[in-house]
Amino acid sequence: MIKELLFGFLLICSSLAKHGHFGRDNKPPRRARLQANPGPGPGKKWLTLNGGEPLVIAQGGFPGLFPDSSGAGYTAAIAMGVPGTLKYCNLQLTKDNLGVCLPDIKLDNCTDAATKFPKQKRRYNINGKDVDGWFALDLTIDEIMKDISLLQNIYSRASVFDFVYPPLQPDSVFGLEPKGKLWLNVQNEAFWSAHQLSVVRYIDDSKEFFIADYISSPEIRFLKAVATGKNMDLTKTKLVFRFLKPDEVEPTNKETYGALVKKLGMIKAFASGILVPKDYIWPVGKDGYLQPATTLVADAHKEGLAVYALGFASDVFSSYNYSYDPALEYLQFVDNSKFAVDGVVTEFPGSASNAVACLAQCPNLGPKVANTLIISHNGASIDYPGCTDLAYKKAINDGADIIDCNVQMTQDGVAFCLESADLLGKTNAAMAFMDRSTTIPGIQPKSGVFTFDVTWTEIKSVKPLIQNPFQSAGFLRNPKSKNAGKFLTLPEFLELAKKNSSMGILIGIQHAAYLASKKGLDIISSVNLALKNAKLDLKQQVLIQSDETSVLAKFKTLWPNYRRVLLFSKPISDAPKPVITDIRKYADAVNVVKKSIVQESKIFFSTGSTKIVEEMHAANISVYVSGFSTETLSMMLDFYSDPYTELVSFLAEGIDGVITDNPKTASAFMRSPCVDPKSTAPFVFNPIKPGDYLSQVEPKVLPPAAAPIPPLQVSDVVDPPLPAVNDAARKEESDSGKSGDDDDDGGSKKSGQGRLDIDLVTMSLLLIGLACVIFGFGC
């Protein structure tokens, strides 16, 4: 067991050490507090019962990544949590009346007991229900410790650390750090008692090895027995009554927990606090949005009861109000200006620590601590349909440095903002323009309804549609506003930016050659004219972005003071010097996807860093990185489903800008004093070294490595000069009002009827989209 614990310790700490976050004494950082005063700073007071900082309670260690109750998980909680983070142990009793920390009373839900002891399957009645499985009370402590290994008990989480760690006893968890800090949860004391086992006796017998700081239970009889025990020192151990679901029945008083929540005065007679599911405090409606807070915290505080909230997990949907930023949920409970819970029980203690130590009580947008640019991706597109007025205004209010407009052209020559030329997925055009679907392989492999085949008036007739990149996994974005806002023309976008003189802009241009030669549309002139007419403040930063060097060359002549950004929409791994030399001829910066900086394995752990930043910086080329969001599926597993950990890890790679769907999160991060490791703030954000976790996974469980990404070639970068604008094509389009299929070259070939023969697959997709719009399936 010592070997496995040492492995977990080294796993966490080596990652932090490689980024220079160990002190001279080589002790694990624990994000050590540099100020001794409690709370977030002098003169500030929390709205907790005692006015102190809310506790972070690590449920089973760090089960968001490691198996629940593993040594590595508890070690991670210590390393990534605030000082004083409590280690939460869900106590189970063995045949010989000894304790073990396991998340479930059924061993087969969290260990390999079913494989190791196939004949030990039993059926027991637990709280009135017959339960089949493997149970700790049928095994001795030696059998459990020597023969059983922990498994990840949430199937959607990484299983690569299964079969690595043994279970731990409470005294081992307590002893992981000099000053134990242990929360002991006793969930089924009546069950143990019915089988001649005693939790009270176990606690008494163990007092020379550990003393729990907190003991919680949903059973009144047990807490009263502990409170009146001869050997219990209530000045050292606090008793907490745990509430289960409101309709469940407490076994002692035979009342529902929903009824007991109204009897806080009675609970105060035997407990100093209550532990409640978080929806007892902030209910979430069936629509996924927060309802008004209950008065539970205020009522409990009036009775002198502390309140601890349970059920926090960064990789589980909670409410659309949080835009998938886990810190916002914690802040809702500890920093809402009305009340603060006294602690949070969480499966991701790093995220809770970030919120409490670094982000709480910082309501105003202060100056940035980190100089990295915050660039919006279609505005605040996690909250509103991308490229709408509402998305851009929210990005500005949320603290973006630069808002972006990818310019598209309509059939009648209007330049406006939309992520791509395809209206499908970004509008309800599937219903409005079903007969306009075309296939243009030179633009995208799938069929679409393209902006250059419809007029601006027609586009204004459809509704924007919020994009849901992780819808297949059940992650939807702000359904109440899925059609909110309106699209902006390029002049309207520039006028919005002009009203905010400190706001920079990014103008994206794609498919300029195709538009000129095949559609007779001059996107270069349209953008140039709009910029001239806008008369932007000379202090405003303007970026011109394109994946075509010919476009950047044009703007180098037209607007030499604007920074030019070369877009790479697919991952790149290396840029040899000749390629870098060519990039520098056309661009001041590059926009690359996250996998170009930190590469990803097939099991979603990082494999290591590339040298792209180093290579670009050597040529004085800035590196902006796109693909940041706050949904857990947008991140590699190394980053603990925490956008702040991901951001600090990418900043540690030396990038110059983040392009994000959620500027609010990036802004909160960049403005936190925790960004600066030299700060005198209580904590600092710690980066994760790419590849460290993957290197610790057993090779036999790894899939074959992905093929390496080939290095960039000059041919991948340099484009031919832009063709002349084909006015005849524009006239033909205008006269016909029709569009046809285009071949791989972007050439036009029309059917006999001047319309596309829509294939069955395309028609099916369009009908699905139509059904989604009509019946409100959230597509």
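The torsion about the S-S bond of C405 and C417 is about -100 degrees, so this disulfide is left-handed; a disulfide is here a pair of cysteine sulfur atoms within 2.5 Å. The sulfur atoms of C405 and C417 are separated by 2.0 Å. C405 belongs to strand β13 (residues 402–409) and C417 to strand β14 (residues 415–417), so the bond ties together parts that are 12 residues apart in sequence. Helices (H or I, at least four residues) and strands (E, at least two) are DSSP runs, numbered from the N terminus. Both C405 and C417 are buried, where buried means under 20% relative accessible area, exposed over 50%, and partly exposed in between (1.4 Å probe, protein chains only).

The model is predicted: local features require pLDDT of at least 70 and side-chain atom pairs count only at pLDDT 80 or more, while totals for chains, interfaces and linings use all residues. Residues are numbered from 1 along each chain as its sequence is written, and side-chain values use heavy atoms, with hydrogens and water left out.

By the distance rule, the count comes to 3 disulfides. A disulfide is a covalent bond between the sulfur atoms of two cysteines. One of these bonds joins C89 to C101, with an S to S distance of 2.0 Å. The link of C89 and C101 is left-handed, with -100 degrees about the S-S bond. Because C89 lies in strand β2 (residues 86–93) and C101 in strand β3 (residues 99–101), this pair ties together parts that are 12 residues apart in sequence. C89 is buried at 0% relative accessibility, and C101 is likewise buried, with a relative accessible area of 0%.

Another disulfide connects C358 with C674, the S to S distance being 2.1 Å. The torsion about the S-S bond of C358 and C674 is about -100 degrees, so the disulfide is left-handed. C358 is located in helix α13 (residues 349–359), and C674 in the loop between α24 (663–670) and α25 (692–695), so the pair ties together parts that are 316 residues apart in sequence. C358 is buried with a relative accessible area of 4%, and C674 counts as buried at 1% relative accessibility.

Other cysteines were also examined. C110 counts as buried at 1% relative accessibility. C387 is in no disulfide, and the nearest cysteine sulfur, that of C417, is 6.1 Å away. C387 is buried, with a relative accessible area of 1%.

P385 is found in the loop between β12 (373–376) and α14 (389–397). This proline is buried, with a relative accessible area of 0%. The C-alpha atoms of P385 and S481 are separated by 7.7 Å, although the two residues are 96 residues apart along the chain. With residues up to four places away in sequence not counted, P385 touches A391, P464, L465, I466, S481, K482, N483 and A484, contact meaning heavy atoms within 4.5 Å.

In soluble globular proteins, nonpolar side chains tend to be buried together. A nonpolar core is defined as a set of buried Ala, Val, Leu, Ile, Met, Phe, Trp, Tyr and Cys residues joined through side-chain atoms within 4.5 Å. The largest nonpolar core contains 191 residues, of which I281, I507 and I583 touch the most other members. Among the contacts of I583, not counting residues up to four places away in sequence, are L566, F568, V590, M616, I621, L712 and V717.
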